[in-house]
Amino acid sequence: MLRNLAAIAAAVLFSIAQPVIASDLLVAPTRIVLDGNSGGEVMVSNTGDKTTTYRISLVLRRMDATGQINPLDEALATPSDAAALDIINYAPRKITLAPQQPQTVRIGVRAPPSLAPGEYRAHLLFRAVPDAATIDAPAPDAPKPGQPQGMSIALTPIYGIAIPVIVRIGAIEGKAVLANAHLTPVADGARVTVTLQRSGNRSVYGTLDVLAQGSSTPISTVKGLAAYTEVASRDVSVTIARDKLPAGPLVVRFTETDPAGGGAVVEAKVARGA
Amino acid sequence: MTVGMFWGKIMILLSKKTIGAIGAILAVATVSPAYAAAGNGTASVKILRAITVTKSSDLYFGKILPSASASTVAVAESGARTCGSGLGCYDTATSGGFHVVGTTGEVVSVSLDSATATLSDGASHSMTVNLATSTTALTLTGGAGDFKVAGTLNVGASQADGTYTGQYSVSVNYQ
Amino acid sequence: MRNLAHSPFPVRRGVWLTAFACLLWGAPALASNPHGAPSVEMLREIDFGTLALGGNGGQITVSPNGALSCSGGLQCLGGQSAGAFAITGAKDEIVSIIVSPAMLDDGKGHRLRAVFTPSDRTMVLRPGNAKNPFTMGGTLTASGALVEGSYSGTFDVIVEYQ
C-alpha cells in the first residue's frame, strides 16, 4: 500500500522549507488613555528586513482573576464592550511598510452625550499579513528519490501586538489595594504572590516592586501591570532568585502610573509560608 | 571735575601694586561683549514606550509519511517531536518561537487567538493542528523575553500526500 | 606723600572706579572693534522626533543636514529636524561657533543628556544685516532606565570674532 502511495507521491511536486516572512513589528506607545472627545496616535514600525503589510483591527480582550488576558468573541460582548467598539475609531486600517519605515495610526473617540460615565476599553491589534508561502529547494533531510515523499506542512504564524485603548467618560475613580501577599519557596529561590484588588469604576495600572522591609531599592520590579474593570482583583506572581532573597521580611509595593492614579502608592507585608 | 582729572586723582592715591592689580582687572574686563554674543537654542524629543515582536522560528513538523490509520505528530515547546505509530517523520522539527522586546521589567500577556488551526492542500484534503503555549504572562527581564508554541498535528488515515499550508494567530497583549 | 589710610578714596573703591572709568572710555589697552558685536538667533529648534525605547538604551543622532540614525536598543520613529540658526555681524569677519551641551528634561525630574554639533565651526560673515545661516545637529544618549515622556531643554550658542 505504501509503495503505491510512494509511486503517486513521487509524481507530486513538493514544496518544502518554511514560508519566508520577516514581519517584525514595533508598536509605540503601548497604551492609550483618552477622554470623551479626544484623539491620540500610535506609531507602527517595520523593524524587519522585508516590506510587510499590516492589518489593524479593534478587538475585545478579557482579563481573568489570574491576570491572564484572553480574546473575547464579539458575540459575547457586553453593552460596555459594544460601546467601546462604537466610539473608538482609527485610521488607516491597513498599512504597508518598507524595512525600518514607521507610520502613525490616528485614533479618535466620538462619544455621544448620552453615554453613561465609565471606562470603556477595546484593544487595537496590529498584525502582519503574510505573503503567500514561497516554494524553495528541497529540505536537506528529504527521503531519497524513489522513496515515499510524504507530506510537507507549512504552518505560518500571524503574530500581532495588541495595546489597550481606554476611554474614560465623566467622573470616574478607582483605587488599588494589595492583599494576601505571601512567599512560597521554590527551587532556586522563592515566589512572592500577591492579589491586586481594584475598587471603583476605573482600571488601575502601575508598577509592582518587591523590597526588603526598610530598603528603598527594589529586589524585583514588574511594570505595566493592570487590573481591568471586569475583575475586582487579579493575582501577580514574582519569582526571586535565591541569591537576591534577603533574610528579613519583604514588602510589596504598587505604584499607580496611570495618569488618573496620581502616583498613589500602596504597600503590603509579605507573609512567609504558603 | 573732568574725567581726566578724576582719573589723575585716583592714580595718585594708589600704590604701584594696586595699579598692577587694576591692570589685571582691566585685562579681564577686555573680553567685552563687543567680541562675542550668546544666543539660546532649544531642543526637544518625544520618548515612547514600545513593544516589538519578532518571529524566531516556525512551528515545523517536518516531512511526514502517512499510514493507513490516523495518528498524530506532536512537537513540544522544546522542539522534540513525537512521531505517532505507523507514521514516518523526517527532517528536524522546530517549535514556534517568538521574541518580545520592551521596557525592562514589563509584563505582557500571550494569547493564542485560536487553539486549533486547519491545514489544507488547496484541493479537498485537510488536517488540523492543536496549538498550545505554556506562557501566559511573560516578564521582560532585561527588556526582552521569548515564548514558544507547541503543536499536535492530527494526521488522517492514508492522508493524501502534498503540501499543506495554514495559519495560526498569536498575539502579545500589553496591559 | 599722603597717608593712604586717611585718603578720601579707600583703595578698594578706587579700583572699581578705575575699572568703571576704563570701560566707559574703552581702556587704551583694547584694540577697538568698530564693527559691533555679532549676534546669533535661532530660526528653528532641533527636534529629535519620536523615539521608541527598548532594551538597554542607546544613542540617537540627528546630523546637521537632518539625517537620523539610532543605535542600541532605541528605534527612531521619525519626525526629526535639525536646528537652524543665523548670525548677523561685521562683513568678512570670521566667527567661531561654540555650542554647550545640555540636559533635556521632562518636567518630572527625568533627564537626558544632549550634545550638539553645528554644521560649521567657523564662518566668514556676509555684509550688512545679511543672516548667515548654519544648522545644528546633535546626539542624545538614552539609558535603559529612561522614562517615556516629552523632553526639552535649552543650550547656549556662542559666536565670537577670533
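A:Asn70 has its place in strand E5 of chain A, where helices (H or I, at least four residues) and strands (E, at least two) are DSSP runs numbered from the N terminus. This is a predicted model, in which local features need pLDDT of at least 70 and side-chain atom pairs count only at pLDDT 80 or more, while totals for chains, interfaces and linings use all residues. Residues are numbered from 1 along each chain as its sequence is written, and chains are lettered from A and ligands numbered from 1 in the order in which they are written.

**The surroundings of A:Asn70**

- A:Asn70 counts as partly exposed because it has 15 C-beta neighbours inside 10 Å; by definition a residue is buried if 20 or more other C-beta atoms lie within 10 Å of its own, exposed if 12 or fewer, and partly exposed in between, with C-beta atoms placed from the backbone.
- Leaving aside neighbours within four places in sequence, A:Asn70 is in contact with A:Arg61, A:Arg62, A:Asp64 and B:Ser111, where contact is understood as two residues having their C-beta atoms, placed from the backbone, within 7 Å.

- The secondary structure of chain A comes to two helices and 18 strands, and buried residues make up 36% of its 274 residues.
- Among the contacts in chain A with a separation of 6 or more, 75% are accounted for by residues 24 or more positions apart.
- The domain assignment of chain A, which comes from an automatic or database source, gives domain 1 (11-169) and domain 2 (174-272).
- Where these two domains of chain A touch, the contact takes 12 residues from domain 1 and 12 residues from domain 2.
- On the side of domain 1 that touches domain 2, the elements giving two or more residues are strand E4 (52-63), E9 and E10 of chain A, and E9(A) gives the most, with three residues.
- The residues on that side of domain 1 divide into four nonpolar, three polar and five charged, where Ala, Val, Leu, Ile, Met, Phe, Trp, Tyr, Cys and Pro count as nonpolar, Asp, Glu, Lys and Arg as charged, and the others, Gly among them, as polar.

**Strand pairing in chain A**

- Four strands of chain A form an open sheet in the order E15-E12-E11-E18, with mixed pairing, and two strands are taken to pair if DSSP finds at least two bridges between them.
- The edge strands of this sheet are strand E15 (233-241) and strand E18 (271-272) of chain A, each of which pairs on one side only.
- Strand E12 (residues 189-200) of chain A pairs with E15(A) in the antiparallel sense over nine bridges, and A:Gln197 stands opposite A:Ser233 in E15(A).
- Strand E13 (residues 204-212) of chain A runs antiparallel to E14(A) and is joined to it by six bridges, with A:Gly206 opposite A:Leu225 in E14(A).
- Seven of the eight residues of E14(A) are buried, so this strand is largely enclosed by the rest of the structure.

- In the contact between chains A and B, 56 residues of chain A touch 53 residues of chain B.
- The elements that give two or more residues to the side of chain A that touches chain B are helix H1 (2-11), strand E1 (25-28), strand E5 (69-72), strand E9 (118-129), strand E10 (151-169) and strand E14 (220-227) of chain A.
- The largest share of that side, 14 residues, comes from E10(A), and by class the side has 36 nonpolar, 15 polar and five charged residues.
- E10(A) also pairs with strand E13 (residues 162-174) of chain B in the parallel sense over 12 bridges, and the bridge partner of A:Pro157 in E13(B) is B:Tyr168.
- The contact between chain C and chain A takes six residues from chain C and seven residues from chain A, and the side of chain C that touches chain A has two nonpolar, three polar and one charged residues.

**Within chain C**

- C:Phe134 is found in strand E11 (residues 132-143) of chain C, and C:Phe134 counts as buried because it has 21 C-beta neighbours inside 10 Å.
- Leaving aside neighbours within four places in sequence, C:Phe134 is in contact with C:Phe85, C:Ile97, C:Pro118, C:Ser119, C:Asp120 and C:Met123.
- The C-alpha atoms of C:Phe134 and C:Ser152, which are 18 residues apart along the chain, are separated by 21 Å.
- Strand E7 (residues 94-99) of chain C is joined by three bridges to strand E10 (residues 122-124) of chain C, and the two run antiparallel; here C:Ile94 stands opposite C:Val124 in E10(C).
- Five bridges also join E7(C) to strand E12 (residues 149-161) of chain C, again running antiparallel, and C:Ser96 has C:Glu160 as its bridge partner in E12(C).
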